[in-house]
Amino acid sequence: MNVEQRVDVATNVEPDSAADVLVRQMAASGIDYLFANGGTDFPPIVEAYARAEERGDRVPKPMVVPHENAAVSMAHGVYLATGRAQAVMVHVNVGTANAINGVLDASRENIPILVMAGRSPYSEVGHHGTRTRYIHWAQEMFDQAGMLREAVKWDYELHLPDQASDCVTRGLQVAMTVPRGPVYLSLPRDTLAAPAVRGVVSLPRRKVPGPAVPDVCAIDEAAEWLASARSPLIITANAGRTARGFDALTALAGRFALPVISFHQRFANLPSSHPMNFGTQPRPLLNEADVILVVECDVPWIPSIESPPEGCRVVHVADDPGFTRYPMHSFPVDLSIAADSAITLELLAEALAMKTEESGTEIESRHARLSERSAVLHAGWSAASGPRDGAITPEYISACVAEAAGEDAVIVNEYPLRLEQCPREKTGTYFGLSPAGGLGWGLGAALGIKLARPEKLVVATLGDGAYIFANPTACHWVSEAHDVPVLTIIFNNELHGAVRNATMAMYGNGSAARSSGRILADLSPTPAFEKNVEASGGVGFRVETAEELPSVLAEAVRIVREEGRQALVNVLCDY
């Protein structure tokens with residue numbers, strides 16, 4: 001009997017294909033959404049969804065996202081909002097290539113995503129799903145997964161249709177085991193279409209390990225060092241990844257007068273108004289420190305620019321405190337604690353309480369001294385929040401965003417926002433770009449967060465370059481098609497600022513400085529970005545003067561909140 005005609009003789013029903021099993025197993029494993037940009041490898045998945053609808057089977061919600069980078073970023077955003085891994089499917093090698101930027105972001109930020117890609121059919125004739133298009137030869141590779149192997153924790157190919165269920169559960173088991181990260185599964189079309197005779201969908205019995213608890217001796221030693229320190233310092237990027245981590249750091253810093261620097265932060269780590277919140281720059285506290293507690297921070301300072309003083313002890317706390325996936329990472333480590341940072345901070349607070357019973361007055365004195373110093377710092381941030389000689393500055397835009405959005409809004413920032421002028425008081429209200437720095441993440445991530453948290457106002461603050469990289473036509477289409485309205489605010493200085501700033505830092509007295517480092521960084525003339533959103537039913541605004549910005553932002557927020565429409569504010573600023 002020809003494979004294409006194969007049926008279950010007893011029931012006259014076609015047996016489940018590998019694709020049928022795959023989509024149902026994803027749902028059984030807790031995946032809510034499949035973000036997909038399809039191709040000629042997708043027909044078995046399409047058929048599986050249609051069959052599931054007919055039968056009432058539970059499957060992840062299919063989400064068409066017409067660019068792979070946006071699809072991966074949306075899955076990234078849903079995880080940030082829920083802590084639940086999601087799935088992405090892209091088209092063979094070319095779709096994988098488009099997805100790599102987002103996968104790199106997820107990898108460095110420890111975001112678990114099941115990334116799947118079709119693969120050209122193995123068979124040239126004689127099988128259901130065999131090669132039927134010219135492109136099936138040209139798109140086959142010897143090692144398709146090799147393109148992104150360094151960015152994923154696990155990669156595999158579906159060899160047998162009966163493996164469909166196990167491939168999903170194994171991939172998610174690896175992705176969710178700390179340090180978490182993306183995994184990659186390639187799916188040949190003819191294998192997907194074949195009957196999964198022994199394929200069984202079930203609740204997976206692959207429980208991932210719980211959070212790692214630190215060694216008690218290491219906690220005691222770290223507490224001893226901090227208790228005896230005269231100028232202790234905490235530097236973090238991701239301590240506030242969870243609400244528990246946010247609360248633990250907030251309590252520890254306040255109780256024991258430990259100043260906190262959030263260097264290249266990606267999460268709200270403690271309330272902006274906290275007296276121990278000393279902003280985002282290591283100096284001058286770094287220069288004074290005698291003990292530094294580095295918490296979930298891959299790069300706590302830039303050694304070519306600044307370093308702690310000689311004799312300063314350094315403790316690193318993270319799931320992987322050595323960041324062993326980084327080829328070079330030469331920061332000093334006197335004590336390394338590989339454990340969940342929230343649990344570590346809680347246990348450290350208990351140990352410190354016992355070791356500082358006799359030094360309450362000293363801690364109170366340090367708290368008063370640092371609080372006074374912090375108040376001066378915060379006052380300076382506030383003073384910088386207005387327009388400078390009538391000009392729009394990033395500090396002014398940030399302050400206006402804070403006023404318009406409110407403290408409950410979720411802000412997704414791809415570089416330009418100044419947190420000193422845009423205070424975040426609550427956990428889960430700020431997310432920044434991955435340390436990988438793959439541009440085009442912010443708008444997609446904002447859409448993913450809005451999808452998972454529809455009751456929230458979600459604001460994407462982007463540079464003009466980051467907005468271009470976000471594939472805005474695809475993202476604005478997704479916003480309208482899937483009813484996920486977000487507010488996009490573009491800090492438009494007609495420039496790739498990172499390129500200019502790096503050039504000026506290296507060649508501030510060189511020839512490039514004569515053009516202010518704009519060569520190969522200039523993005524002028526700027527497009528009318530505010531028109532992009534209008535093509536997908538949204539409302540666009542263009543702001544050129546400082547006076548109009550507050551009212552325009554307020555109206556944009558109203559449109560998103562009350563009308564349920566996406567909005568974009570294109571703010572022209574020179575910085």
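The questions and answers below concern a helix pair and a sheet in this predicted model.

Trainee: At what angle do helix H3 and helix H14 pack, and is H3 parallel or oblique to H14?

Mentor: Helix H3, residues 68-82, packs with helix H14, residues 442-452, at an angle of about 45°, their axes being 6 Å apart.

Trainee: How many charged residues does the contact of H3 with H14 have?

Mentor: On the H3 side the contact includes Ala70, Met74 and Leu80, and on the H14 side Gly444, Leu447 and Ile449 are among the residues that take part. Sorted by class, the contact has 10 nonpolar and five polar residues, and the number of charged residues is none.

Trainee: Which strands stand at the edges of the open sheet of five strands?

Mentor: The strands pair in parallel and follow the order E8-E7-E9-E10-E11. An edge strand has a single partner strand, so one side of it is left without a neighbour in the sheet. The strands in that position are E8 (260-262) and E11 (335-338).

Trainee: Which residue in E11 is the bridge partner of Val317?

Mentor: Strand E10, which covers residues 313-318, runs parallel to E11 and is joined to E11 by four bridges. Within E11, the bridge partner of Val317 is Ile337.

Trainee: Which helix packs on the sheet, touching strand E9, E10 and E11?

Mentor: The helix in question spans residues 341-355, and its direction makes about 145° with that of E9 (291-295). The helix touching these strands is H11.

Key. Residues are numbered from 1 along each chain as its sequence is written. This is a predicted model: local features need pLDDT of at least 70, side-chain atom pairs count only at pLDDT 80 or more; totals for chains, interfaces and linings use all residues. Side-chain values use heavy atoms; hydrogens and water are left out. Axes are lines fitted to C-alpha atoms, for helices over the stretch in contact, and angles run from 0 to 180 degrees between N-to-C directions. Helices (H or I, at least four residues) and strands (E, at least two) are DSSP runs, numbered from the N terminus. Contact means heavy atoms within 4.5 Å. Ala, Val, Leu, Ile, Met, Phe, Trp, Tyr, Cys and Pro count as nonpolar, Asp, Glu, Lys and Arg as charged, and the others, Gly among them, as polar. Two strands pair if DSSP finds at least two bridges between them.
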